[in-house]
Amino acid sequence: MITLLNDNFSQLNDFLHGKTFSKIFILVDENTHEYCLPMLLGNMETDLAFEILEIEAGEEMKNIQTANQLWEILTEMQADRKALMINLGGGVITDMGGFVASTYKRGIPFINIPTTLLSMCDASIGGKTGIDLMHYKNMVGTFTFPEQIFVYPEFLQTLPFKELRSGFAEMLKHGLIADEKHWNNLIQIHKLDVEAVIPHIQTSMDIKQNVVEKDFHEKNLRKTLNFGHTIGHAIESLCLEQGNPILHGEAVAAGMICEAHLSYLEGILSKEDSEIIIENIRRYYPYLDITDFKNEDICALLLNDKKNTDSKINFSLLSGIGSCLYDHQSSQENILQSLEFYRKLNDF
């Protein structure tokens with residue numbers, strides 16, 4: 001399922017030669033078109049005709065309008081059910097491309113070639129596809145595995161620092177929910193750069209893949225991957241609604257701080273562990289100013305989270321470093337306290 005590409009992309013070419021695709025469509029944004037597509041095309045060996053589909057970069061493009069445009073283009077170009085979609089990009093591209101492919105003509109094959117740390121370690125893995133609905137994150141989508149995921153870590157050299165840091169949040173999350181050793185290895189990184197994170201990518205991918213294999217449709221264990229995301233998605237959605245989008249990992253980092261403190265308030269995580277977690281996350285991530293966000297607006301988003309049932313907010317909270325509980329219903333008082341705790345961090 002997940003293959004690390006060597007410099008001549010021979011594994012990708014073996015995959016293409018071993019299949020009977022009719023045509024290839026490569027989905028990119030303007031950044032991956034400029035920085036990553038030349039590397040792919042320079043190494044891709046195929047006699048099949050291919051087309052480049054480009055969308056604008058950014059979370060704000062992950063919507064039904066963009067999906068509809070892509071469906072129309074595929075139709076105009078007479079893509080059949082044996083056409084292959086190659087999603088070359090970050091989380092928006094793999095989410096969007098997977099959704100478009102899994103729904104066009106009730107499903108055409110697709111592969112993911114993630115180009116960001118976030119998509120390598122998280123977004124491209126697990127078979128979740130999706131688009132945003134209004135300002136709600138990933139509200140429409142499918143559970144559909146890609147044919148294959150090809151990871152080429154050298155693409156990380158093209159990333160701005162903020163994008164690298166964004167993906168690092170998901171790696172920290174993997175350690176917190178499932179592997180204390182992984183967490184401890186990551187927090188030993190004092191200078192966050194490509195060379196420092198590459199040795200740890202495989203571990204993060206393995207953690208995500210292992211959880212997904214045990215619970216593909218998110219009925220139980222897979223919910224632990226949502227740690228930091230319940231509050232994080234609410235913050236991300238409000239920023240998007242206000243026309244001030246932030247990177248996913250920045251929101252998740254803030255969400256992990258809130259939810260680590262919430263874990264402590266709920267009595268399932270020790271004060272010492274919560275402080276260790278919060279202190280280390282703050283080493284890497286700047287404070288997000290949420291003072292203008294009303295509690296009622298945040299809570300409304302929390303209530304509309306797709307993981308909820310019976311109008312109850314289901315959190316995934318930590319019971320230790322490397323251990324996570326799911327379907328935990330916290331008191332509203334503690335939720336609001338965790339938000340206030342985060343707001344006051346700016347005072348220190």
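Which strand and which helix each supply at least two residues of the lining of the largest cavity? Strand E7 (136-143) and helix H10 (229-241) do.

This is a predicted model, where local features need pLDDT of at least 70, side-chain atom pairs count only at pLDDT 80 or more, and totals for chains, interfaces and linings use all residues. Residues are numbered from 1 along each chain as its sequence is written, and side-chain values use heavy atoms, with hydrogens and water left out.

**View 1. The largest cavity has about 120 Å³ of space.**
A cavity is a set of points, on a 1 Å grid over the protein atoms alone, where a 1.4 Å probe fits but cannot get out. Its volume is the space filled by probe spheres set on the points, which are joined across faces, edges and corners. Three cavities of 30 Å³ or more are counted by this rule. Eleven residues line the largest cavity. Lining residues have an atom within 4 Å of a point. Tyr136, Lys137, His233, Leu301 and Asp305 lie nearest the centre. H10 gives the most to this lining, with four residues. Helices (H or I, at least four residues) and strands (E, at least two) are DSSP runs, numbered from the N terminus. By class, the lining has four nonpolar, four polar and three charged residues. Nonpolar means Ala, Val, Leu, Ile, Met, Phe, Trp, Tyr, Cys and Pro; charged means Asp, Glu, Lys and Arg; the others, Gly among them, are polar.

**View 2. The second largest cavity has a volume of about 50 Å³.**
Helix H5 (91-103), strand E5 (110-114) and strand E6 (128-133) each give two or more residues to its lining. Among the lining residues are Thr94, Gly98, Phe110, Asn112, Lys128 and Thr129. Ala123, Ser124, Thr144 and Pro146 also line this cavity. The lining divides into three nonpolar, seven polar and one charged.

**View 3. H10 packs against helix H11 (residues 248-265) at an angle of about 135°.**
The two axes are 7 Å apart. Axes are lines fitted to C-alpha atoms, for helices over the stretch in contact, and angles run from 0 to 180 degrees between N-to-C directions. H10 and H11 are therefore oblique to each other. Angles under 35 degrees count as roughly parallel, over 145 as roughly antiparallel, 65 to 115 as roughly perpendicular and the rest as oblique. H10 passes H11 in a right-handed crossing. A crossing is right-handed if the near helix is turned clockwise from the far one by less than a right angle, and left-handed if anticlockwise. Contact means heavy atoms within 4.5 Å. His233 and Ile235 of H10 take part in it, as do Ala251 and Cys258 of H11. This contact has six nonpolar, six polar and two charged residues.

**View 4. Helix H7 (residues 161-178) and helix H9 (residues 194-214) pack at an angle of about 45°.**
Their axes lie 10 Å apart. That angle makes H7 oblique to H9. The crossing of H7 and H9 is left-handed. Residues that meet include Leu164, Phe168 and Met171 in H7, and Val197, Ile201 and Ile207 in H9. The contact has eight nonpolar, three polar and one charged residues.

**View 5. Helix H13 (residues 295-303) and helix H14 (residues 332-344) pack at an angle of about 120°.**
The axes of H13 and H14 are 11 Å apart. H13 is therefore oblique to H14. Their crossing is right-handed.

Technical notes:
On a 1 Å grid over the protein atoms alone, a cavity is a set of points where a 1.4 Å probe fits but cannot get out, and a pocket is an open set with protein on both sides within 12 Å along at least five of seven lines; lining residues have an atom within 4 Å of a point.
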